Amino acid sequence: MDNQAQHNRIVITGVGLVAPNASNLKEFRANLLKGHSVIHEIDLRYVGRVPAGICTFEETRYRKKKENKRGTRAGCLGVYCAHEALLDAGLDQATYPVDRTGVYIGLTEHGTVETENEIYNISQYNYNTDFWTHHHNPRTVLNNPAGEITMSLGITGPHYSIGGACAAGNAALIQGVQMLRLGEVDLALAGGISESTGSFGIFASFRAQGALASHPDGPTKACRPFDLDRNGIVVSEGASIFTLERLDRALARGAKIYGELVGYAMNSDARDFVLPYGPRQAECMTLALQRARLAPADIDILNTHATGTKQGDIEECSAIRQVFRNCDTTFINNTKSIIGHAMGAAGVLELAGNLPAFEDNYVHPTINLDTIDPECELPNLVAGEPRRIKRATTILNNSFGMVGINSVVIVKKIDEI
Amino acid sequence: MTLQEIKDVLLEIIQDIDEEADLTTLQPDQALRDQLDLDSMDFLDIVMELRKRYKIQIPEADYPRLATLESCITYLEPLLQGV
């Protein structure tokens, strides 16, 4: 293979993550294989008790408590993950110049939590805006989480957010790949972050829409994609950031390579504010496969987006059945059933949780699938227990979002250069 | 409020802003910013907290008078009379 071809191939060399059930990839993988959910009830202002995924991690490992207080929850999650990804990749500032490093962070929304908190704050002072915090603007600018990462790491290259509803994490990975291929940066910190569990409005809106999950047997049972008794979304916080490098540079420094981002696609439904649309999702998967120069049957693991809503799951299953017809060795799973819906972080976090399959050849299970909805029937849907497969070399990751945004990322194991 | 009470309140507010700050060696006549990891936004936090607790408005023109612990106490003493 010539040098230029390797220069345009982009690989994942480091993973930092925080999920409701883990604060590093090893722990995350172990808990996904066990189907271990820690979704529990939180008591949220105005909304009351609701199932949610809350992350527990060492928040002061990489910056002071004072800085966490100054910044946002999204910033706190992002700073932790960015440091963890760099450490995991064995990268320091000597490897790539700080002005050739870019930070691209996918967000479903940002500023909702901070704005709600401030309105509550001034409600304690008769809505006198003299009591509105001076921290509001720097906390709510859309680049906030990415900017907090650059401040913590002294990165002087570009940083910004990618707003892409619940497809944002994948969209940020795609942005990172594109910026590396364009030669804008030499290292990309790309991923997704969600602090949405701090917003009563997000829960209340899902509830008003009839899409907030609950289950009589408890919060760990609430998120049940494809199950006949599913009744909506479990909102979770979380984050995952990858280090992306060019293959030639990664090989030259002897980096551990998780996989290569070989294909991606994004498109728009152009039809509804909330309802997803299977035919467009099918087009998105097909385009990503074409760009990766892969046939559907070449995909070993398909990680679904399904959130546990009635219509959303049906649309995605219909799209998968259309594209992956007669693909006997494509195995399908769902990560949200275990960790809930980490919104802007979902795509990257769920992809991260599946990357170790390249080493262990297991497909982590979908949990809470007691009675399959006939409209969600899929061949090779891995449920209840992890499934050992012959060889995992490709993962296709779906991530879709409101207002009709679709994203697909395909990652391939690197073992033959 | 007595001068000691004002000092205690200020130290409490600063400690709340930076829980890891060591206030035991703070020199009252030296600039707070030279001794602690405080920037302009932190000073605004102090101003906001005083506003919330005691309903006092500190005009921007007076911010330089909050430079040291001692000058803060001197400045606040008449404003906190009767509190």
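I call a residue exposed if 12 or fewer other C-beta atoms, placed from the backbone, lie within 10 Å of its own, buried if 20 or more do, and partly exposed in between. Helices (H or I, at least four residues) and strands (E, at least two) are DSSP runs numbered from the N terminus.

I note that this is a predicted model, in which local features need pLDDT of at least 70, side-chain atom pairs count only at pLDDT 80 or more, and totals for chains, interfaces and linings use all residues. Residues are numbered from 1 along each chain as its sequence is written, while chains are lettered from A and ligands numbered from 1 in the order in which they are written.

I then listed the buried residues of helix 1 of chain B: B:Ile6, B:Val9, B:Leu10 and B:Ile14. Seen down the helix axis, they fall within an arc of 130° (taken from the directions from the axis to the C-beta atoms), so they line one face of the helix. They pack against helix 3 (40-54) and helix 4 (69-79) of chain B.

I turned to chain A, which is divided into domain 1 (3-252) and domain 2 (263-412), with bounds from an automatic or database domain assignment. Their contact (C-beta atoms, placed from the backbone, within 7 Å) takes 57 residues from domain 1 of chain A and 54 from domain 2 of chain A. On the domain 1 side, helix 8 of chain A gives the most, with 7 residues.

Terms used. Two residues are in contact if their C-beta atoms, placed from the backbone, lie within 7 Å.
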